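User: I want to learn how to read helices and chain contacts in a model. Can you take me through one?

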Amino acid sequence: MGTELFEILRKNKEKVLQLWLQAQQTETEFSNNFNTADELRAQSAEFVDLLLSTIDESNIQDFSPPGLESLTDYISSLTISRARQGFSPRETATYIFTLKDALLQVLSEQAGTDPMQLYKASMQLSKFVDNIGILSFETFITGREDVISQQSDEMAELSTPVIRVWNGILAMPIIGTLDSARTQVVMENLLQGIVDTGSSIAILDISGVPAVDSLVAQHLIKTVNATRLMGAECIISGIRPEIAQTVVHLGIDLSQMITKATLESALKFAFNSLQLEVRRIQKDKAN
Amino acid sequence: MITLLMAMIRESLAIQHERDLVYCRNRVKEVAVKMGMGIVNQTKLITATSEIARNMLIYGGGGIVRLEVIIRGKQEGIQLVFEDKGPGIADIQKAMQDGFTTGRTLGMGLPGAKRLVNEFAIQSTLGQGTTVKILKWKNG
């Protein structure tokens, strides 16, 4: 695409913007999302400005060289802000692709009559705008993935409560998969809980953990060891029969740890070691 | 009829992130439940899957799990093939020993997984990758 064509586009910036805004109005129902048409116009004008000042002979062929940062950054932030404003991915994509129509129309009106030249220029220009679309799509997905990972962090935080079941006894039920990140949260919460409450026994209930593989076992061993370093005892409860068999077949030695089948038996054990007793109240016969 | 439907199950799962392991385990569990596999065998298979898939992720840089329902005579079972294009295992005999690890784990993954399933085959070429094939019968 020759330099003069870029010049033509730059000179007809207002025309491009005009056509683009028209196309946007016909293609979609934007009216609900943007507060005022002025706002949309200002944003579109900024986009056209930046695009036409950035695009040149070298970067129209290849969308990655240095010099495009300001444009790519702008597209990323535009996509994110549109997503936050509640635009659907389709609307944002249409927004970008209607710009292509506007650019091509201006080009065909102003760029002379050589069909081969016009064809080549159109192809390059449309590829460039396609790349902008792809970038916007990628940004959109990355934004969503950030939200997902943020939510899973929150879930890990929420799903590992430390419960004080008795004076000196903490319990921590674990539901779901115990991966490395989760173990970190579990361990931190448990150790902090031991300090905060001055407890000497912690019960880690794994009834809700679907499978205990060697990594989970390793995490459990580490947690127990860390608890012992704090001067407290850690009991692992909720070992289901199938888990017990699997762990034995795997060849993992958990015999150094206190393990119980149910939370109830773990609690009994804890009461015993604290020399507590739970009894049914005997009614006085005299009454 | 149910058997015929089960035989249609043949799929590939990509393992690229830790969260893929969770999906892979859940999918294997779903198929095992559908087949009517007992809870103990289910847990054994899921645990073995978890071990090998994690190995593949950590040492092989991720790969693909091919899940297939196998029918041989009157037996039916689940076959899983784990393929990665990682650096490969230098000494398979050593890797299959209890407690051997090149990382900082317990070293029970591969040998443990072998004990949890009915059939276990491992193949590795240095610089080309590793393939592990396991099979667990419904009543095995």
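Predicted model: local features only at pLDDT ≥ 70, side-chain atom pairs only at ≥ 80, totals over all residues.

User: Let us begin with helix H2 of chain B. How many residues does helix H2 of chain B have, and how far does it reach?

Analyst: H2(B) covers residues 18-35, which makes 18 residues. From first C-alpha to last, H2(B) reaches 26 Å. That is close to the 26 Å expected at 1.5 Å a residue.

User: Which residues of H2(B) are buried?

Analyst: A residue counts as buried if 20 or more other C-beta atoms lie within 10 Å of its own. In H2(B), these are B:Leu21, B:Cys24, B:Arg25, B:Val28, B:Val31 and B:Ala32. They cover an arc of only 130 degrees around the axis, which puts them on the same side of H2(B).

User: Why do residues a few places apart point the same way?

Analyst: An α-helix has 3.6 residues a turn, so residues three or four places apart point the same way.

User: What does the face of H2(B) turned away from its buried side carry?

Analyst: That face carries the exposed residues B:Glu30 and B:Val33. The buried residues of H2(B) have a cover that includes strand S1, helix H3, strand S2 and strand S3 of chain B.

User: What follows H2(B)?

Analyst: B:Gly36 comes after H2(B). The phi of B:Gly36 is positive, near 90 degrees.

User: Now chain A. How many helices and strands does it have?

Analyst: Chain A has 10 helices and 5 strands. Of its 287 residues, 28% are buried. Take helix H8 of chain A, residues 214-229. It has 16 residues and reaches 22 Å, close to the 22 Å expected. Its buried residues include A:Leu220, A:Thr223, A:Val224 and A:Thr227.

User: What covers the buried residues of H8(A)?

Analyst: The cover includes H7, S3, S4 and H9 of chain A, together with H3 and H5 of chain B. After H8(A) comes A:Gly231, with a positive phi near 85 degrees.

User: So let us turn to the contact between the chains. How many residues of chain B are in contact with chain A?

Analyst: There are 21 residues of chain B in contact with 16 residues of chain A. On the side of chain B that touches chain A, H2, H3 and H5 of chain B each supply at least two residues. H3(B) gives the largest share, 9 residues. By type, that side of chain B divides into 8 nonpolar, 6 polar and 7 charged residues.

Technical notes
Residues numbered from 1 in each chain as written. Chains lettered and ligands numbered in written order. Helix = DSSP H or I, 4+ residues; strand = E, 2+ residues; numbered from the N terminus. Expected span 1.5 Å × (residues − 1). Buried ≥ 20, exposed ≤ 12 C-beta atoms within 10 Å, placed from the backbone. Arc of directions from axis to C-beta. Contact = placed C-beta atoms within 7 Å. Nonpolar A, V, L, I, M, F, W, Y, C, P; charged D, E, K, R; others polar.
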